[in-house]
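Here are my notes on this one, in the order I'd go through them. Have a look at the model first, then read on.

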Amino acid sequence: MTISTVIKAIQDIMRKDAGVDGDAQRLGQMSWLLFLKIFDAQEEELEFEQDDYMAPFPEELMWREWAADPEGITGDELLDFINNKLFPQLKELHAPVKGNPRGFVAKEAFSDAFNYMKNGTLLRQVINKLNEVDFTKSEERHLFGDIYEQILKDLQSAGNAGEFYTPRAVTQFIVDRVNPKLGEQIFDPACGTGGFLACSVDHLKANNNIKDSKVYDILQKQIHGVEKKQLPHLLCTTNMMLHGIEVPVRIKHGNTLNKALSSWDDEYDVIITNPPFGGTEEDGIEKNFPSEFRTRETADLFLQLIVEVLKDGGRAAVVLPDGTLFGEGVKTKIKKMLVEECNLHTIVRLPNGVFNPYTGIKTNILFFTKGQPTKEIWYYEHPYPKGVKNYNKTKPMTFKEIKAEQQWWGKESDGFKSRKENQHAWKVDIKDIIAKDYNLDIKNPYEAEQVVHDPKQLLAEYGQQQKEIQKLRDQLKDILNDALKH
């Protein structure tokens, strides 16, 4: 039976339960079950490998003791065990337990988790179906990414799923270009389900002998992330365990922005992230930032934080919306700070649809290195592949499409001297950026102006123009009224 068949069967069972309301709760329910099953599979491996192995928490709470047997406890007895023993004891663990710090990982994972199911018989059916996947087998372990990607794709109706899902092609491209190295401290301040961090681990494994115990120990300590929401944090922790980070205690559950910028002592070599954009933070968060840079817009706050905690010589890649590029006011001040403190050497402009179906907002990837001011910015406009007019759920962006960018990229060490302008790439001197009041929304000079014939688009543009004309009329009217008063 395939992974997708198992997941669909689990979702169908959950739909029969009166306690599970909607896709978001189904994902939450499945996530803590997946965590415990995977956690237990890894504990079994550690127990086999270590002579002095100690269980991370009471053995009666381990998956193998209460869930693995298909004829095990069910109905009200199962519900009573989960609600009155399993959850309370995991939430109240005093970690590290008997010298095993993985108990702390379980405690963090369950800090805000919740059992939604009310029918113990249906819950036993879900557990038995989940047991059809053997996470001790490496080939099935690597399918975990496919599991939650599939679930997230089914979450469109939940509304906010896009806040913690970045297309795999984007994460692969960013990690490939930033090229994190063994020993460098890698940080994602809005890590979601851990896509960037998991991709970084894969990248490090591909370029280093992970079987060397010293290499393995270094890798264990260089992955850092913070996630605000419980569900993606739980998925990220599980994802890290499956990628070989045995004790992912550096994956924190909290709001990265809920700390004064001046109080950050941590510094990172590599920061790769797709921070939430389009939303605003809760009242008071902006007070953690310098007065001239205060705003409640999430993406702007994250950009300030990234520049602050990036080491001198450190590299960053950040996904940001078009609004950050052309925005004024506080956005202008933040962009001025960015190009003065960092070498913003490349902006990759992504086309519409990359983040479909979650958002239609056009996005960009900003690549920068801290320590030297920006002298020029290279732009690369990623084109649609031949025959594609827009990305969507069935035709997503793929990593293969990015070969042109990779071949064009060159080396930062020689100032990207090998880069050439072409129909997709152009460079802009920082003097021109300053002259435009730090507007980074520079259009492709090699792209011919497209004539639009779509009536809906033409009507929308006409409507926008009329609004702008009316705004100018109102401003002129106010100016004339003020003049007449004096």
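1. Let's start with asparagine 179: with a relative accessibility of 30%, it counts as partly exposed (that is, between the 20% under which a residue is buried and the 50% over which it is exposed, using a 1.4 Å probe and protein chains only). Its phi is near 55°, a positive value in a non-glycine residue. Asparagine 179 sits in the loop between helix H9 (168-178) and strand S1 (186-188); helices (H or I, at least four residues) and strands (E, at least two) are DSSP runs numbered from the N terminus.

2. Tyrosine 438 also isn't a glycine, and has a positive phi of about 60°. At 9% relative accessibility, though, tyrosine 438 counts as buried. Look for it in the loop between helix H17 (430-435) and helix H18 (455-485). For background, most residues other than glycine have a negative phi.

3. On provenance: this is a predicted model, where local features need pLDDT of at least 70 and side-chain atom pairs pLDDT 80 or more, while totals for chains, interfaces and linings use all residues. Numbering runs from 1 along each chain as its sequence is written, and side-chain values use heavy atoms, leaving out hydrogens and water.

4. Overall, 48% of the chain's 486 residues are buried.
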